[in-house]
Amino acid sequence: VVVNFSTQNNAGTSAQIFYCEENLNQTLPFNLFDNLAGNPDINGVWNGPIITSNGYLGLVDISTLNIQNSPYVFTYSVSSETCPTVSSSVILDIVSQPIASLSATPNPVCESESSIISFAGTANATVYYTINNGVEQSIVLNAAGQAQITQTITASTTISIVRVESAEANSCENTTPSSITIDVLPQPIASLSATPNPVCEG
């Protein structure tokens, strides 16, 4: 009896990729196959919500996709006469451009008083900012889209958001600038006078 062994089909390892909704119309067609890991066989076929071309490469044009129907799942299936069909997927998520805003409490402040600067926006996004156009710094928003820093204010201070990046791989970036200025209140002054001066005893 001769027993022949066939190599198992290999559809590779599934992947999830992210694209920014605002950039879709500028995104060139690409091969879905290039996103699979694990040395997949090249005799598979693609199935998904929109048509692909170039055979196993799965060339796809995503320029007309939208966030409302996201995620888009493309399945790569490899078959043979002797071994079971195996499949993997490329999950394509369309994400919105991240946003962030600033507020400061208290504002204005007395000289050398501290102000709490609050960042709010897209959950888990990274916000890049400057203080008085100084060195660029960054802070990561939490799952609720919140973060805070405390700043001692000695003079009028401007905090500016330079850009915001979403947390996903192939992330979206929002480069629309915004800023807030924390003003310093003038120090209160007081003077004394007495009338009449001098006075008679009693």
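This is a predicted model: local features need pLDDT of at least 70, side-chain atom pairs count only at pLDDT 80 or more; totals for chains, interfaces and linings use all residues.
Colleague: What is the strand order in the open sheet of four strands?

Modeller: Reading across the sheet, the order is E1-E6-E5-E3, and the pairing is mixed.

Colleague: Which strands stand at the edges, each with a single partner strand?

Modeller: Those are strand E1 (15-20) and strand E3 (45-47). Each has a single partner strand, so one side of E1 and one side of E3 are left without a neighbour in the sheet.

Colleague: In what sense do E1 and E6 pair?

Modeller: E1 pairs with strand E6 (residues 86-95) in the parallel sense, over six bridges. To find one of these bridges in the structure, look at Ala15, whose bridge partner in E6 is Val90.

Colleague: Now the rings. How many aromatic pairs does the structure hold?

Modeller: It holds five aromatic pairs. One of them is formed by Tyr19 and Phe30, with 5.4 Å centre to centre and 20° between the planes. Planes under 30 degrees apart count as stacked, and this pair is stacked.

Colleague: Where do Tyr19 and Phe30 lie?

Modeller: Tyr19 lies in strand E1 and Phe30 in strand E2 (residues 30-31), so the pair ties together parts that are eleven residues apart in sequence.

Colleague: Is Tyr19 buried or exposed?

Modeller: The cut-off for buried is under 20% relative accessible area. Tyr19 has 18%, so Tyr19 is buried. Phe30 also counts as buried, because its relative accessibility is 14%.

Colleague: What kind of aromatic pair do Phe33 and Tyr56 form?

Modeller: Planes over 60 degrees apart count as edge-to-face. Phe33 and Tyr56 have 85° between the planes and 4.9 Å centre to centre, and their pair is edge-to-face. Phe33 lies in the loop between E2 and E3, and Tyr56 in the loop between E3 and strand E4 (59-60), so this pair ties together parts that are 23 residues apart in sequence.

Colleague: What does the relative accessibility say about Phe33, and what about Tyr56?

Modeller: Phe33, at 12%, counts as buried, whereas Tyr56, at 28%, counts as partly exposed.

Colleague: Which residues form one aromatic cluster?

Modeller: The cluster consists of Phe33, Trp46, Tyr56 and Tyr76. The edge-to-face pair of Phe33 and Tyr56 therefore belongs to a cluster that also holds Trp46 and Tyr76.

Colleague: What sits over the ring of Tyr128?

Modeller: The charged end of Arg163 does, at 3.8 Å from the centre of that ring.

Definitions and conventions:
Residues are numbered from 1 along each chain as its sequence is written. Side-chain values use heavy atoms; hydrogens and water are left out. Two strands pair if DSSP finds at least two bridges between them. Helices (H or I, at least four residues) and strands (E, at least two) are DSSP runs, numbered from the N terminus. Rings of Phe, Tyr and Trp (its six-membered ring) pair if their centres lie within 6.5 Å; planes under 30 degrees apart count as stacked, over 60 as edge-to-face and the rest as tilted. Buried means under 20% relative accessible area, exposed over 50%, partly exposed in between (1.4 Å probe, protein chains only). A charge sits over a ring if NZ of Lys or CZ of Arg is within 6 Å of the ring centre and within 35 degrees of the ring normal.
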